[in-house]
Amino acid sequence: MGEAKRREELGLPPRQKNELNESDRYFSWLPITKSRIKKYPYMGVATMALGAIIFLVSGGANSIN
């Protein structure tokens, strides 16, 4: 039995859709919200460290002319 039918039989109203607040986004085209970033505070540091490791493994500053 589907949830809509079950809710109707119990006399409950239909579920409300969770809509994202556009003001919670950094950029309108970026699917990352400020509240999601707050859950992972070290994501930026980890991304920067990964980029630095890849840069150093690929030759680092020696490859820049």
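Reply: A residue is buried when its relative accessible area is under 20%, exposed when it is over 50%, and partly exposed in between (1.4 Å probe, protein chains only). This is a predicted model, where local features need pLDDT of at least 70, side-chain atom pairs count only at pLDDT 80 or more, and totals for chains, interfaces and linings use all residues. Residues are numbered from 1 along each chain as its sequence is written, and side-chain values use heavy atoms, with hydrogens and water left out.

Start with threonine 33. Threonine 33 counts as buried because its relative accessibility is 6%. Its place is the loop between helix 1 and helix 2. Helices here are DSSP runs of H or I with at least four residues, numbered from the N terminus. The threonine 33 side chain makes a polar contact with the side chain of serine 35, at 3.3 Å. Such a contact is a pair of N or O atoms within 3.5 Å; within protein, one must be able to donate a hydrogen and the other to accept it, and residues adjacent in sequence count only if both atoms are side-chain atoms.

Stay with the loop. Tyrosine 26 is found in the loop between helix 1 and helix 2. At a relative accessible area of 47%, tyrosine 26 is partly exposed. Together with Phe27 and Trp29, Tyr26 forms a nonpolar patch on the surface, with about 420 Å² of accessible area. Areas come from the Shrake-Rupley method with a 1.4 Å probe; for residues, only the protein chains shown count as cover. Patch members have over 30% relative accessible area and no salt bridge; nonpolar side chains (Val, Leu, Ile, Met, Phe, Trp, Tyr) are joined within 5 Å, like charges within 9 Å.

The structure holds 1 aromatic pair. The rings of phenylalanine 27 and tryptophan 29 have centres 5.4 Å apart and planes at 20°, so they are stacked. Rings of Phe, Tyr and Trp (its six-membered ring) pair if their centres lie within 6.5 Å; planes under 30 degrees apart count as stacked, over 60 as edge-to-face, the rest as tilted. Phenylalanine 27 is partly exposed at 45%, while tryptophan 29 is exposed at 65%.

Now the charged residues. A salt bridge is a side-chain nitrogen of Lys or Arg within 4 Å of a carboxyl oxygen of Asp or Glu. By this rule there are 2. In one, glutamate 3 meets arginine 7 at 3.9 Å, N to O. Both lie in helix 1 (residues 3–10), 4 residues apart, about one turn of the helix. An α-helix has 3.6 residues a turn, so residues three or four places apart point the same way. Glutamate 3 is partly exposed at 33%, but arginine 7 counts as buried at 19%.

The other bridge joins glutamate 3 to arginine 15, at 3.2 Å, N to O. This pair links distant parts of the chain, 12 residues apart: glutamate 3 sits in helix 1, arginine 15 in the loop between helix 1 and helix 2 (34–39). Arginine 15 counts as exposed, at 59%. Shared partners join Glu3, Arg7 and Arg15 into one network of salt bridges.

Move on to helix 2. Arginine 36 is found there. At 47% relative accessibility, arginine 36 counts as partly exposed. Its C-alpha atom is separated by 9.5 Å from that of aspartate 24, 12 residues apart along the chain.

Last, what follows helix 3? Glycine 59 does, and its phi is positive, near 130°.

Definitions and conventions:
Helices (H or I, at least four residues) and strands (E, at least two) are DSSP runs, numbered from the N terminus.
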